Structure formats: C-alpha cells, structure tokens
Amino acid sequence: MTAPFGIELHSPVDQLEIVRDLGQGKYSVTPPKPHPSFEMYVVQATPGMGVFWIKAISATVENDAYGTQTRSLQEKVHGQLSKRYGPGVFTDRLTYGSIWNEPRDWTQGLTANERFHFVIWERPKSPELPDDIQSIYLGATGYGSDQAGVCIEYSSVRMKDAEEELEELLSDLL
C-alpha cells in the first residue's frame, strides 16, 4: 500500500492526527512523515473507503515577478517525485488572449488562473505508479503578483467509488 507522507491510502481517517474537520469528508491532518517543503496536509476520506485523496501544500513563496522561487521549489519536488514515479508529463500553458504573457508576468498569470504550470503522473501513461494510485499532480498556484505556492495531490484508483460514497452520504443530509 502506498503511503505518501506516511498516510496510507485506503486507511481509516481516524488513524491520523486530525487537526481540523473541513467538511464533506476533508480533514486537515498532521502526517506521520511530513516533508520539509510542505506545511499543510489535507486528506479526503469516506467511512467505507478510507483515505482516497491526499494533498500537501507549501508555505506561501515570496517571488520575484518571474516566479523564480516557486519554479525552483516545484523543480526540486518534481526531481524527487521523478526518482520514484518517472518523469511525469509537464505542462506550462498560458490561456489564449491572456495579458500576462511576458516572462515577468509569470506569477500574476498563475494568480489570474490564466497560466497552468504543473506535472502530472496518470494511469496508464505512467507505468511506474503503484497499483493503488490513479494519479499524482504537482502544480503551482498564484496568490498575488509576487506570491505563489506548490501543492501535490495523490488520487486513489478507487476515487470514483469514493466520490459515489460521498454523494450518497450527502444525499442523506437532505
């Protein structure tokens, strides 16, 4: 079983140190094995499926306008992930017509949701993924003209089943 940050996929959420219940099956947790590049961890779980999604979020990175520090952090983490799961598929795309098209606009493009800068490992294109992982996403997110962050998301191969279970639980609320 795969255990990013020491969090085993499909394990019961009550086996984790829960910091806060965020609602709809999401919990802020303290992982057994935190990574120094990340400061917040969120899992999503259901009673029947256990943990099926794990997200790690970096601290806010103070950047120059070119996003140098964020890109450096993302490249470092990408290198670490590549050693375990292969290179992944890299995307750096600016939406058509964006005004944030100069190199010095990199962070602002992220903030405006007009730049997409990520690496993804996904079945079946990534044969190195363990049997219980459907995908891994490593992306950059903008928080302002000079602030951004990096996150990693791990999704279980049983994600669709878990989402159906969550929908069933939500319908019980009505």
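Colleague: Why does Ser135 count as buried?

Modeller: Keep in mind that this is a predicted model. Ser135 has a relative accessibility of 13%, and buried means under 20%, so Ser135 counts as buried.

Colleague: Where is Ser135 found, and what does Ser135 touch?

Modeller: Ser135 sits in strand S8. Leaving out residues up to four places away in sequence, Ser135 touches Trp121, Glu122, Leu129, Glu153, Tyr154 and Ser155. Contact here means heavy atoms within 4.5 Å.

Colleague: Okay, zooming out. How many helices and strands does the protein chain have?

Modeller: The protein chain has 3 helices and 9 strands. Following the sequence, the pattern goes β-β-β-β-β-α-β-α-β-β-β-α.

Colleague: How much of the protein chain counts as buried, and how much area does the chain expose?

Modeller: Of the 174 residues, 44% count as buried. The chain exposes about 9,500 Å², with carbon and sulfur atoms supplying 50% of that area.

Colleague: What share of the contacts comes from residues 24 or more positions apart?

Modeller: They account for 56% of the contacts with a separation of 6 or more.

Colleague: What makes a group of residues a nonpolar core?

Modeller: The residues must be buried, come from a set of nonpolar types such as Val, Ile and Tyr, and be joined through side-chain atoms within 4.5 Å. The largest such core here has 28 residues, and Val43, Ile152 and Tyr154 have the most contacts inside it. Several elements each supply at least two residues of this core, including strand S3 (40–46), strand S8 (133–144) and strand S9 (147–156). Helix H1 gives the most, with 4 residues. There's another core apart from this one, with 7 residues, among them Met49, Phe52, Trp53 and Met159.

Colleague: Last one: how far apart are the mean positions of the positive and negative charges?

Modeller: The chain has 15 positive and 25 negative charges, and their mean positions are 6 Å apart.

How values were computed. Residues numbered from 1 in each chain as written. Predicted model: local features only at pLDDT ≥ 70, side-chain atom pairs only at ≥ 80, totals over all residues. Heavy atoms only, no water. Buried < 20%, exposed > 50% of the residue type's maximum accessible area, 1.4 Å probe, protein only. Areas by Shrake-Rupley, 256 points an atom, 1.4 Å probe, with all protein chains shown as cover. Lys, Arg positive; Asp, Glu negative; His and termini not counted. Charge placed at Lys NZ, Arg CZ, Asp CG, Glu CD.
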